[in-house]
Amino acid sequence: MELETVIKRNSELVTIEKNQHVFFQGERNGYLYFIEEGLLRAYYLLDNGDERVKSFVSAGALVGSLTAAYKKQECSFNLQSILRSKLWRISVEKLLSLAEESHEVASDLIFRLLDLSMKKEQREYELLSLSAQERYISLRENMPEVMQSVSQNNIARYLGITPVALSRIKKRVKREA
């Protein structure tokens, strides 16, 4: 049985309105969320009030603070909807129990965690090795739904640049096209 089906049968469907938070940095939250529809942003709030967007998460993804859910510590980031979203909420204990009962569920969970790890590796590579313009082009090519639904401020925060720098990059890319 596919992991998505198992999660849906053993969890609660929650609707998160646009701009509503699923959880906040510093909270305790023992759940993982399978995104049925919508778009969310995971971000850090710095002590000086600045925000850094770590990722955009869309339908089909499994998301949550693993530190909070598995290690029972505080969430290290905030999770907020960009669009109205439907999420299946499952406790990490329940998900691990289901994985222990089914090789297929365990295998699917492993592949999803590997996929997440590879996405984090790619994000790290882009931040450390690519120019802001190259990061912008990569985002535009790999996540077009983000370009259509996310504010320019949040795109800039994701790219690690200012909104003014993003505007300049967009103009330069448009001229070069």
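Q: Hi! What covers the buried residues of α4?
A: Hello! This is a predicted model, and in it the cover over the buried residues of α4 includes α1 (3-9), β5, β6 (62-63), α3 (92-101), α5 (132-142) and α7.

Q: Which residues in α4 are buried, then?
A: Val-105, Leu-109, Arg-123 and Glu-126 are buried in that helix.

Q: How far apart are the end C-alpha atoms of α4?
A: They are 38 Å apart. Helix α4 covers residues 103-129, and at 1.5 Å a residue its 27 residues should span 39 Å, so the two values agree.

Q: And what caps the N-terminal end of α4?
A: Ser-102 does: one of its side-chain oxygens lies 3.3 Å from the backbone nitrogen of Glu-104.

Q: Switching to the sheet: what order do the strands come in?
A: The order is β2-β7-β4-β5, with 4 strands making an open, antiparallel sheet.

Q: Which strands stand at the edges?
A: β2 (21-23) and β5 (51-58) do; each has a single partner strand, so one side of each is left without a neighbour in the sheet. From one strand to the next, the twist averages 30°.

Q: How many bridges join β4 to β7?
A: There are 4, linking β4 (residues 39-45) with the antiparallel β7 (residues 78-81). Leu-40 stands opposite Ser-81 in β7.

Q: Which helix packs on the sheet?
A: Helix α7 (residues 152-159) does, touching β4 and β5. Its direction makes about 105° with that of β5.

Note on methods: Residues numbered from 1 in each chain as written. Predicted model: local features only at pLDDT ≥ 70, side-chain atom pairs only at ≥ 80, totals over all residues. Heavy atoms only, no water. Pairing = 2+ DSSP bridges. Helix = DSSP H or I, 4+ residues; strand = E, 2+ residues; numbered from the N terminus. Axes fitted to C-alpha atoms, helices over the stretch in contact; angles between N-to-C directions. Contact = heavy atoms within 4.5 Å. Expected span 1.5 Å × (residues − 1). Buried < 20%, exposed > 50% of the residue type's maximum accessible area, 1.4 Å probe, protein only. Polar contact = N/O pair within 3.5 Å; in protein donor to acceptor, adjacent residues only side chain to side chain.
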